[in-house]
Amino acid sequence: MDIWLLEDDFRIAAIHADYIRAIQPEAQVKQFLSGASLIESLTQTAPPTVLLMDLYIPDVKGYDLVAYVRAHYPEISIIMVTAAAEREHVEALFAYGVFDYIVKPFDEARLQKAFQQLHVTRSAFQKKTHFTQHDLDMLFNRNSNSSASTEKALPKGIDTFTLEQVIHLFKEQKYTTLTATQLSEVIGTSRSTARRYLEYLVEMNVLETKLLYGTVGRPERNYVLRETYEQN
C-alpha cells in the first residue's frame, strides 16, 4: 500500500519513515515537509492508503488539512502522529474520524500496532459483504479482547479479525471439526494460511488435533474445539 508521511522536521520524518519501512517493507512511502506539497500531490496522483501527519504544520492548520482530506478523500486512513495530547485536540480529531492517534515520541512497536489494526480493518472490508454483530464488535471495539487467545501479541501472519472468525466457527458449532483444506474454503484463504491459524489455536489450547485416516496417502490433521475451552 501507499503510505504518505507529513512531518515538517526532516530529521523526525526520516526516523518515522524508517519505522514505516521496517514494519511495511513492501509499502511505497512518500514524505512531505509541508501541507501545500501534500495537497498538490493529492490533486495530481492517486491518494494513499494511509496518511501519517502531525497536527502542527507551519504552512497549514492541521484541523483544516484533516477536514480537507476527510471531505475529498474519505478512503484515506489518517493516523495522527503528534505531540498534541490535550483533550480538546484528541476529542476534535476523534470527531473528525482519524483512524489512530499516536503521541510523540513513540517507538516502532506502537506504530506496528496501528498498522496491525489497519490490516484487520481492511481485511474485514475485503472479505465481508455482510457483517454480523460479532464482526462489528471486533471492528469497533478495538481495545476489547473477546478471548484469551487475543490477549497476547499476535505473531506475524495472524490478524485478530480472521482469528476471531475461526474461533467463532467452532464456538457457534457451525463446524465441530475442520481440516486446513476445509477452513481455507470457508474463510477464503490458502491452505497454508488456514493451517497457520489452526496450529496457532492449538498452541493457545483452544483447539486440539485428531488424525483423520483416509483410504489413500497420509492421515490428515482434523481440528476440534477443546472441551475445556468450550466450557469457557
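Author: A salt bridge is a side-chain nitrogen of Lys or Arg within 4 Å of a carboxyl oxygen of Asp or Glu. Keep that in mind. The model shown above is predicted.

Reader: What distance separates N and O in the salt bridge of arginine 195 and glutamate 199?
Author: The side chains of these two residues meet in a salt bridge. The cut-off is 4 Å. The N to O distance here is 3.9 Å.

Reader: How much of helix α9 separates arginine 195 and glutamate 199?
Author: Helix α9 covers residues 191-203.

Reader: How many salt bridges does the rule give?
Author: The rule asks for a nitrogen and an oxygen within 4 Å. The count by this rule is seven.

Reader: How far apart in sequence are the parts tied together by lysine 104 and glutamate 7?
Author: These two side chains meet in a salt bridge, 2.6 Å from N to O. Lysine 104 lies in the loop between β7 (100-103) and α5. Glutamate 7 lies in the loop between β1 (2-6) and α1. The pair therefore ties together parts whose separation in sequence is 97 residues.

Reader: Are lysine 104 and glutamate 7 buried or exposed?
Author: The limit for buried is under 20% relative accessible area. Lysine 104 has 18%, so it passes. Both lysine 104 and glutamate 7 are buried.

Reader: How far apart in sequence are the parts tied together by aspartate 54 and lysine 104?
Author: Aspartate 54 forms a salt bridge with lysine 104, with 2.9 Å between the closest N and O atoms. Aspartate 54 lies in the loop between β3 (50-53) and β4 (56-57), while lysine 104 lies in the loop between β7 and α5. The pair therefore links parts separated in sequence by 50 residues.

Reader: What is the relative accessible area of aspartate 54?
Author: Buried residues fall under 20%. Aspartate 54 is buried, because its value is 6%.

Reader: How are α1 and α5 oriented to each other?
Author: Turn to the helices. Helix α1 (residues 10-23) and helix α5 (residues 108-127) pack at about 55 degrees, with axes 10 Å apart. Their crossing is right-handed. Roughly parallel needs an angle under 35 degrees, and roughly perpendicular needs 65 to 115, so α1 and α5 are oblique.

Reader: How many nonpolar residues are in the contact of α1 with α5?
Author: On the α1 side stand Tyr19, Ile20, Ala22 and Ile23. They meet Glu108, Leu111, Gln112 and Phe115 in α5. One residue of the contact is polar and one is charged, while the nonpolar ones number six.

Reader: Which residues of α7 make the contact with α5?
Author: α5 and helix α7 (residues 160-171) pack at about 55 degrees, with axes 8 Å apart. That angle makes α5 oblique to α7. α5 brings Val120, Ser123, Ala124 and Lys127. α7 brings Thr160, Phe161 and Thr162.

Reader: How are α2 and α3 oriented to each other?
Author: The axes of helix α2 (residues 35-44) and helix α3 (residues 62-72) come within 12 Å and cross at roughly 10 degrees. The cut-off for this class is under 35 degrees. α2 and α3 are therefore roughly parallel.

Reader: Which residues of α3 meet α2?
Author: From α2 come Leu38, Ile39, Leu42 and Thr43. From α3 come Leu65, Tyr68 and Val69.

Reader: What is the relative accessible area of histidine 89?
Author: Histidine 89 lies in helix α4 (residues 87-95). Beyond its neighbours within four places in sequence, it contacts residues including Leu55, Tyr63 and Tyr101. Histidine 89 counts as buried, because its value is 14%.

Note on methods
Residues numbered from 1 in each chain as written. Predicted model: local features only at pLDDT ≥ 70, side-chain atom pairs only at ≥ 80, totals over all residues. Heavy atoms only, no water. Axes fitted to C-alpha atoms, helices over the stretch in contact; angles between N-to-C directions. Helix = DSSP H or I, 4+ residues; strand = E, 2+ residues; numbered from the N terminus. Parallel < 35°, antiparallel > 145°, perpendicular 65-115°, else oblique. Left-handed = near helix turned anticlockwise from the far one by under 90°. Contact = heavy atoms within 4.5 Å. Nonpolar A, V, L, I, M, F, W, Y, C, P; charged D, E, K, R; others polar. Buried < 20%, exposed > 50% of the residue type's maximum accessible area, 1.4 Å probe, protein only.
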